[in-house]
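Thanks for coming. I would like to go through one model today, starting with its charged side chains and ending with some helix packing.

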Amino acid sequence: IAEQSAVAVQNAKLYEQAKLLADHDALTGLPHQRSVQERLHYELKRARRSKTPLSLLMMDIDKFKAFNDTYGHQVGDRVLKDVAEMLRRVARATDVIGRYGGDEFCAILPDTDRAAADVFKERLMQEVGREPFHIDAKQSVPIRLSIGVAVYPDDCERHEELLGVADAALYAAKRGGTLQSTSTGELLSMLEGDFRRFSGFVAVLANAGVIKREHLIKINRLAARYAAAAHLDEQSRQTLLVAATLSDLGELAVPAVILSKPGKLEKDDLEFIKRHPQIGHDIIAVMPGCEDIAQTILRHHERFDGSGYPGGLHGEQIPPLARTLAVLEAYAAMTSDRPHRPALSDAAARRELQANAGTQFDPAIVARFLTLLD
């Protein structure tokens with residue numbers, strides 16, 4: 001009996017060890033992405049039942065790839081372990097911290113509103129910046145984190161949306177921080193359409209800079225005018241309004257230094273920028289019922305003659321609302337000041353649209369839009 005009991009106990013221990021390894025990252029010992037996702041589902045359900053806030057922080061190590069390339073993966077692994085340990089020191093017993101992938105970490109903070117999440121963020125930044133990382137006895141380098149915050153129910157209410165808002169906020173933080181100067185309520189009052197599910201994305205975009213804020217308000221109003229003039233049904237109208245307003249979401253992943261460069265961009269910079277429709281699509285596509293919005297964002301840089309990106313679609317292969325958004329965004333961008341050029345006049349922007357009708361733009365949509373402007 002003792003021998004059989006010993007085998008049973010040993011099997012139980014092995015099972016627990018295997019389960020621990022399956023649910024946790026081997027390098028840092030933190031829960032991995034799947035475990036974090038499961039815990040986020042659970043904590044969101046609990047927050048809904050108890051009507052309490054919940055904060056999600058997504059964070060990654062700045063310039064970690066360059067660090068790995070310079071000092072090697074063994075040193076990079078030590079950095080990941082150190083950051084994981086700092087997270088453990090800052091977190092409460094009720095918080096859930098995990099390694100989300102690569103150099104990306106996350107923290108689920110139950111019963112935590114935005115103010116408390118900002119306190120957690122500041123404590124973590126202080127902990128990370130307390131002393132540099134020592135590569136060896138003679139060499140050390142500072143480690144910095146970029147952190148994006150999403151709050152339930154202020155920003156959004158669903159699991160996928162919370163992840164999307166936190167990701168977008170992380171992108172904005174990596175581009176140099178956010179302004180945090182305009183309340184979500186103020187922003188939504190300026191926009192046409194139903195943005196209750198997208199308020200977090202709107203806030204992240206608007207607070208990413210004055211140019212982004214002005215652009216999203218301008219293009220939203222153009223989209224509303226076009227939808228009315230074209231007699232779009234309510235579903236198509238809502239899709240166009242949301243896609244137009246969030247069309248720059250993927251640009252948050254593009255470093256600000258690239259977008260602010262004067263003159264013609266280098267090939268590598270241009271290729272980086274061309275990824276932004278796919279990034280915007282990926283953020284929105286995980287939200288239930290938002291595939292049309294995601295597809296409109298994905299395809300709004302396709303060209304009517306097939307020379308656009310990311311898919312090289314042409315003519316009617318491009319979704320109608322994406323063709324519409326291409327015209328609206330071009331006009332909104334041309335008539336706004338940018339770091340590399342002043343705004344064009346209305347007349348000059350109209351001439352550009354007419355000159356590119358049939359190549360870049362759907363000529364029928366250009367004609368309708370110009371009539372609308374008249």
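Predicted model: local features only at pLDDT ≥ 70, side-chain atom pairs only at ≥ 80, totals over all residues.

Residues are numbered from 1 along each chain as its sequence is written, and side-chain values use heavy atoms, with hydrogens and water left out.

Salt bridges, then. The rule is a side-chain nitrogen of Lys or Arg within 4 Å of a carboxyl oxygen of Asp or Glu. That gives 26 salt bridges.

Take arginine 46 and aspartate 111, whose closest N and O atoms are 3.4 Å apart. Arginine 46 sits in helix α2, residues 33–50, and aspartate 111 in the loop between β3 (104–110) and α5, so this pair ties together parts 65 residues apart in sequence. Helices here are DSSP runs of H or I with at least four residues, strands are runs of E with at least two, and both are numbered from the N terminus. Arginine 46 is partly exposed at 24% relative accessible area, and aspartate 111 is partly exposed at 44%. Buried means under 20% relative accessible area, exposed means over 50%, and partly exposed is in between, with a 1.4 Å probe and protein chains only. Arg39, Glu43, Arg46 and Asp111 are linked in a network of salt bridges.

Next, arginine 89 bridges to glutamate 127 at 2.8 Å between the closest N and O atoms. Arginine 89 belongs to helix α4 (residues 73–90) and glutamate 127 to helix α5, 38 residues apart. Arginine 89 is partly exposed at 47%, whereas glutamate 127 is buried at 15%.

Arginine 197 lies in the loop between α7 (184–189) and α8 (199–206), and glutamate 161 in helix α6, residues 159–174. How buried is glutamate 161? Its relative accessible area is 2%, while arginine 197 has 27% and counts as partly exposed.

Now the helices. In α14, residues 291–299, the buried residues include Ile293, Ile297 and Leu298. The buried residues of α14 pack against α10 (234–245), α13 (276–285) and α15 (320–334), where contact means heavy atoms within 4.5 Å. In α16, residues 346–355, the buried residues are Ala348, Ala349, Arg350 and Leu353. Their cover includes α15 and α17 (363–373).Last, the surface patch I mentioned: Asp113, Asp118, Glu122 and Asp154 gather there as negative charge. Patch residues have over 30% relative accessible area and no salt bridge, with like charges joined within 9 Å and nonpolar side chains (Val, Leu, Ile, Met, Phe, Trp, Tyr) within 5 Å. Glutamate 122 is in helix α5, residues 114–129, and is partly exposed at 45%.

How values were computed. Areas by Shrake-Rupley, 256 points an atom, 1.4 Å probe, with all protein chains shown as cover. Lys, Arg positive; Asp, Glu negative; His and termini not counted. Charge placed at Lys NZ, Arg CZ, Asp CG, Glu CD.
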